[in-house]
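Please look over the sequence and the 3D structure shown here before reading on.

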Amino acid sequence: MTKEQIELLGQILGIVATLIITSAYQANTKKGLLMIQTPGIAVLCISYLLLGASSGFALNVVCVLRNLGCYFVKEKTKAYYAMTGALMVIMGVMGILSWEGYISLILIAALVANTFFIALGKPQILRYSIIVTSTLCLIYNIVVFSVGGILLEAISVVSAIVGSIRFLIGNKKKVS
């Protein structure tokens, strides 16, 4: 395959990953979401690999492990929090090992923070954090020019904003 064909395949896989991951938002349970989202992240890893985005590849491999851990380890236990801390450290190390320049630092910060906020288990706080972390990931995806990554993070930011507004409106109606 030529370099252009590899890049095209990487872009196509990124779009496929976006479709898989965003379809996970229709799941009714956290485990259901993880069952759909995790293979989507794996496809995204391959996309980043083909696009030469080494930090995107390495850090999303850790995100696959994080999702598997979240699926199998009981929430709000010592093991869950230990796993979260270990994954955050591993993300930092993988980010350094796959360093692409300062753009890697943006992705490291975003995914480490996202992992922390997922562990808190508070949906509204997670929504607020996604506005920031997905914006940082969006910047990374623009720099490495991952069409699927750009779409995914833009959808995530808009979805988090809409979800936060709906939550706030719902709470105001309850108070009235």
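Against which helices do the buried residues of helix 5 pack? They pack against helix 3 (54-72), helix 4 and helix 6 (123-144), where helices are DSSP runs (H or I, at least four residues) numbered from the N terminus. This is a predicted model, in which local features need pLDDT of at least 70 and side-chain atom pairs count only at pLDDT 80 or more, while totals for chains, interfaces and linings use all residues. Residues are numbered from 1 along each chain as its sequence is written, and side-chain values use heavy atoms, with hydrogens and water left out.

**Helix 5 itself**

- Among the buried residues of helix 5 are Ile103, Leu107, Ala110 and Asn114, where buried means under 20% relative accessible area, exposed over 50% and partly exposed in between, with a 1.4 Å probe and protein chains only.
- After helix 5 comes glycine 121, which has a positive phi near 70°.

**Helix 4 against helix 5**

- Helix 4 (residues 78-97) and helix 5 (residues 102-120) pack at an angle of about 175°, and their axes are 9 Å apart; the axes are lines fitted to C-alpha atoms over the stretch in contact, and angles run from 0 to 180 degrees between N-to-C directions.
- The two helices, helix 4 and helix 5, are therefore roughly antiparallel, a term for angles over 145 degrees.
- The contact (heavy atoms within 4.5 Å) includes Tyr80, Met88 and Met91 of helix 4 and Ile108, Leu111 and Phe116 of helix 5.

**The nonpolar core**

- The largest nonpolar core has 30 residues, and those with the most contacts inside it are Met91, Leu111 and Tyr140; such a core is a set of buried Ala, Val, Leu, Ile, Met, Phe, Trp, Tyr and Cys residues joined through side-chain atoms within 4.5 Å.
- Helix 5 gives the most to this core, with eight residues.
- Methionine 91 touches residues including Leu59, Val62, Ile108 and Leu111, when residues up to four places away in sequence are not counted.

**A partly exposed residue**

- Isoleucine 36 lies in helix 2, and because its relative accessibility is 31%, isoleucine 36 counts as partly exposed.
- Leaving aside neighbours within four places in sequence, isoleucine 36 is in contact with Ile20, Ser23, Ala24 and Ala27.

Definitions and conventions. Parallel < 35°, antiparallel > 145°, perpendicular 65-115°, else oblique.
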